[in-house]
Amino acid sequence: MGSPVPPGERPGYPNSTGYPSQRAFTPVPSDSAGALAGGMQNLNINRPPPPPWATQQAPRPGAAPQGMQNSGPPFVPAGSRPMGMGVPFTSTNPPHAPQSSASPLGVMPSGSLAARPTGRPAVRPAGPNYGGAPPVSAPNSNMGRPVTTPFVQRPNAPPSRPPGAMPVQDGLGSPFAPGLNVNSSNQGINGTSPFVQGAPPMRPPFSQGANAMHSPAGFPRSSGPTAASGAGTVPNAQRPLASAVPPPQIPSASHTPSPAPPNTFPAPGLAPSSVPPPPFAVASQRGPPSSSSLYAAQPWRPPSQQHNYPDSYVPPPPPVAGNQTPGMFGMPAPPRHLSQTIPPMPPTMGHPPGSGVLGMGQPGSPAGGQASGPSRIDPNQIPRPVPNSTSIIFETRSNNQSNLPPSATSDFIAKDTGNCSPRYMRCTVNQIPCSGDLLSTSGMPLALMVQPFALPHPSEEAVQVVDFGENGPVRCSRCKGYINPFMRFVDQGRRFICNLCGFSNETPREYHCNLGPDGRRRDADERPELCRGTVEFVATKEYMVRDPMPAVFFLLIDVSMNAINTGATAAACSGINRAIADLPEGPQTKVGIATFDSTIHFYNLNRAFQQPSMLVVPDVQDVYTPLQTELIVPISECREHVEQLLESIPTMFQHNKIPESAFGAAIKGAFLAMKSTGGKLLVFQSVLPSVGIGALSAREAEGRANTIAGEKEVHKLLQPADKTLKTMAIEFAEFQVCVDLFLTSQSYVDIASITVVPRTTGGQVYYYYPFSAVADSAKLYNDLRWNITRPQGFEAVMRVRCSQGLQVQDYFGNFCKRIPTDVDLAGIDCDKTIMVTFKHDDKFQEGSECCFQCAVLYTTVYGERRIRVTTLSLPCTSVLSNLFRGADLDAQFTYFLKQAGNEIPTTPLKQVRDQMTELCISILHTYRKFCATASSSGQLILPEALKLLPLYTLALTKGTGLRSDVRIDDRSYWLTRVASISASLSVPLVYPRMFPIHNLLSKDIGGSILPLSLPLSSEHIDSDGIFLLENGEDALIYAGKMVSPDMLQQLFGVQSVDDIPNNFLLQEYENDHSRKLNELVNEIRRQRCSYLRLRVCKRADPTEFLFFSLMVEDKNALGLSYVEFLVHIHRQIQTKMS
């Protein structure tokens, strides 16, 4: 962890604002992933420095916030960057020409095998140090041996099971009131997760350091027979939904599976006639239930009577203690390579113990045989995310079998033992169907969520860098796949069989090694490329069509009248001036600055001049650059000029009366200045572009009218107004210019049109609406600082390969694709995820394995070319129940989210809502029809792995993207965010976390900074409580009507919520409640790698309505309640069954 950074001035940077200032946090040299995570706590969080135009010092109640001492910009590592953080990513595309078949990516490096060096490749961690030259690999005695981070075994951890053994978990049905029984375990499927009601919340996941990447673009898809490498089988035991369990031990290894009880069985002493009556009347199965619109009012009313079990009920014997694992937020089941015993469910749950079903009484069905009084459903007992803050150690493979990954939203430490960390690649199903027909029958998608540069957990080992010398890494001569742990060596090591295409290759002479008794190379454990799922290879000159590009950062600032008057210009200049000290050191780092209104103003930063000089370009239709050089110069030569210019820009334009903005012309001019090198273009925009190239007109009024008219054609406003900016963006991507957009707006800016530029170039959009210079300046600075210091790379090309039998179908994300097999990324970073979908073109054999490999060729910020290779090998199955057992909830819901985002711009919202609901119903219907045939037709059976899918689908249909009452710009921004969102942030986006913050001192949270999160239902909002709701980017604070004035005084320094200013800034006061609240907010910001914009909800204010609209489990104008939605799903499944 990085040391706290005390507030103060950055050396050489005077503070004249009158507000408390903070020194820009400067990373210290370090290579550890722990230092990266530690630096994320050094955020400028609680008292951001005010904009430079402020004249009075802000009131400062209480002592100086301690939160500021370990707060800084958003989660910038305190020194080391994870896995190549300092090593920006190199791409293969020249800035002046697109990739073509002539690119070295498409051919093996030239040179005879005899020319290869004879020693082992040099190996080093992928993360270079900050503040110094990038590390240079050199041969040494440890060449080829990976650098590992020790994994500490926690005391009293349960014993490990044999590697690769698939666990069978025991448990009981989900706790429902009579007639509503939820099965958290699948019938015929293993591994249910308990509903742990008392577990503390977990930290969001950090990326692991071991992932394999696929070879870069330009290579044909692999083909050939699939290598059968010891696929393990998974038991078919069933387990019902679990009830609450006591706090479990922290697992550190796998456990031996034990047989699980069947999913359903009668309660002892309970006669068949005592089965609970149906909770509400439903049509007879002889006629299909009503299929009225899901979003219309429902005809039935909730029951009012509660069924009680007879006195003769005898609970089952207690379970055997031990082997209990913590539940995880977003995917209550613990890692399914761990066995677990769940205590029995009390009879008050409304169904016999052990029945893991959601019972819907039907005439003629066992559950519907009792006509005496319906039962009441207890909403507190239906499946919900179970938070947990306990870290677990996850081994990606054991005993030559892949292990089921933990939830993306849980806190885990991945140990790369052959497969990559699930942070880098996560598949929607962890057992691949042997045929396309089986996949189609399941209704589930087959897709990968690829996040090649995801942040690792601090305790994970760094990605190893391997240097094979002049001839580069060993590859398959047919499919160009990279050497990985699943390539099989034969003939005494003289040949190796590609696990992707099945081709037999000759082993290079200098790479030869004898095989051991187990058939593995004797040096396999010493070579990272043969024992790790993720490695980086040093790219040779054959992978380059030009010299690696320098790290160029060009800053483009809006100085129109609106930007000046709102303080957006001053906030941008102040943030840039403070963040610029964190740019990568070295002669390769260059900067340029320009401003714009209705004209473009470039600045000559040549140090030969005493001060920067302005060069104005008035022609915004035919843009040009006034100089070919000196607009972009090394930061080491012009730092004083840059600081002087940034301090003077707000003053120079303070009386500007020009309201127009030539956004399109400005980015075109900046591109022309960067064309020869490429780099990052950071644009600060405040108003709708109105003049010059790509000028836009306000379409918001039209959109508002269409919304009122019933959403007719309103989706067209989510598409770009014309193709001008799209054409420019493709040209930017061709020349390796990545555009990041900071929108500091207070009105409509047509995000749908202008964001095509960052989306096409691999950039990112930051949206501050309505912008407040007082409240948002700190977030703007922190977002900017994280943007330029996070792990990232330039001029990248990515390709995903897969085993013969599958083929890549499509890619989804922020990139430019000029050929079908590759995606071009002018910029790529740790926050970007690309979804890759697959389809079958052949069949797999039962027991074989299917392999996926992603390769990214990129340039680091230090000008090094690297190839990051990530490999994942999964077993194949022909059993449908195995598909559901291995389903990944986070990946599948991320697929839902990205599919919805892809459909919304071209399809009416109601139709998209119905599509998402139907997709969920189709998956559950397949499971009910083929995997739970023994259950009563009056029972809704939910697969254990996907039992939260209905809840998240409901939340999606009520979310910003699919609601009817959302501003066009807000929806457009939501679509932009969804396009590159990671699996770990998908669930919080639609189902936020809600924490009580009025009793932080009284809650026993087991050492965790975060208290237990609450279900998103108004039933859990007390009138005397205060609650914080966060979705990973924004946070709302809501105070009940009866909240204590003393509590408000301690937390916010006011006696009433109405006294809190609209421009709210969280401060830390001299009391324990305030310190705890600041710790909680800082921890969330650290977890999310986002500054977390805070807003306080006031009575009858739009933010109050927004807060309650996010209570997605309640019935409201946006749709059904959670319980009603489950009933709707059940009825639709019955219709399909009949």
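## Arginine 967 and aspartate 970

Arginine 967 is partly exposed because its relative accessibility is 21%. Here buried means under 20% relative accessible area, exposed over 50%, and partly exposed in between (1.4 Å probe, protein chains only). Aspartate 970 is also partly exposed, at 23% relative accessibility. The two side chains meet in a salt bridge, 2.9 Å from N to O. A salt bridge is a side-chain nitrogen of Lys or Arg within 4 Å of a carboxyl oxygen of Asp or Glu.

This is a predicted model: local features need pLDDT of at least 70, side-chain atom pairs count only at pLDDT 80 or more, and totals for chains, interfaces and linings use all residues. Residues are numbered from 1 along each chain as its sequence is written, and side-chain values use heavy atoms, with hydrogens and water left out.

## The chain overall

The protein chain has 1138 residues, and 66% of them are buried. Its secondary structure comes to 22 helices and 33 strands. Helices (H or I, at least four residues) and strands (E, at least two) are DSSP runs, numbered from the N terminus.

The accessible surface of the protein chain is about 36900 Å². Carbon and sulfur atoms account for 52% of that surface. Accessible areas come from the Shrake-Rupley method with a 1.4 Å probe; for residues, only the protein chains shown count as cover. Take contacts between residues at least 6 apart in sequence: 81% join residues at least 24 apart. Contact means heavy atoms within 4.5 Å.

Strand E14 spans residues 534–538. Five of its five residues are buried, so the strand is largely enclosed by the rest of the structure. Thr534, Glu536 and Val538 point one way from E14. Val535 and Phe537 point the other way.

E14 pairs with two strands named here. Strand E10 (residues 464–467) runs parallel to E14, with three bridges. Valine 465 stands opposite glutamate 536 in that pairing. Strand E28 (residues 865–877) runs antiparallel to E14, with five bridges. There, arginine 868 is the bridge partner of glutamate 536. Two strands pair if DSSP finds at least two bridges between them.

## Salt bridges across the chain

The whole structure holds 38 salt bridges. One of them joins glutamate 536 to arginine 866, with the closest N and O atoms 2.9 Å apart. The pair links distant parts of the chain: glutamate 536 sits in strand E14 and arginine 866 in strand E28, 330 residues apart. Both residues are buried.

Glutamate 918 and lysine 1136 form another salt bridge, 2.8 Å from N to O. This pair also links distant parts of the chain. Glutamate 918 lies in helix H15 (residues 909–930), lysine 1136 in helix H22 (residues 1122–1137), and 218 residues separate them. Glutamate 918 is partly exposed at 33% relative accessibility. Lysine 1136 is partly exposed at 37%. Elsewhere, Arg521, Asp523, Arg527 and Glu529 are linked in a network of salt bridges.

## Helix H5

Helix H5 covers residues 568–579, 12 residues in total. From its first C-alpha to its last it reaches 16 Å, close to the 16 Å expected at 1.5 Å a residue. The expected span is 1.5 Å times one less than the number of residues.

H5 is mostly covered, with 12 of its 12 residues buried. Among them are Cys573, Asn577 and Arg578. The cover over the buried residues of H5 includes strand E15 (551–558), helix H4 (561–566) and H6. It also includes strand E20 (679–685), strand E21 (737–744) and helix H12 (773–789).

Strand E25 (residues 823–829) is mostly covered: seven of its seven residues are buried. Six bridges join E25 to strand E23 (residues 792–802), and the two run antiparallel. Aspartate 824 in E25 is the bridge partner of valine 797.

Glutamate 849 belongs to strand E27 (residues 849–859). Glutamate 849 is buried because its relative accessibility is 3%. Cysteine 876 is 27 residues from glutamate 849 in sequence, yet 5.4 Å away in space, C-alpha to C-alpha.

## A nonpolar patch

Met614, Val616 and Met652 make a nonpolar surface patch of about 250 Å². Patches are made of residues with over 30% relative accessible area and no salt bridge: like charges are joined within 9 Å, nonpolar side chains (Val, Leu, Ile, Met, Phe, Trp, Tyr) within 5 Å. Methionine 652 lies in helix H6 (residues 635–652). Its relative accessible area is 42%, so methionine 652 is partly exposed.
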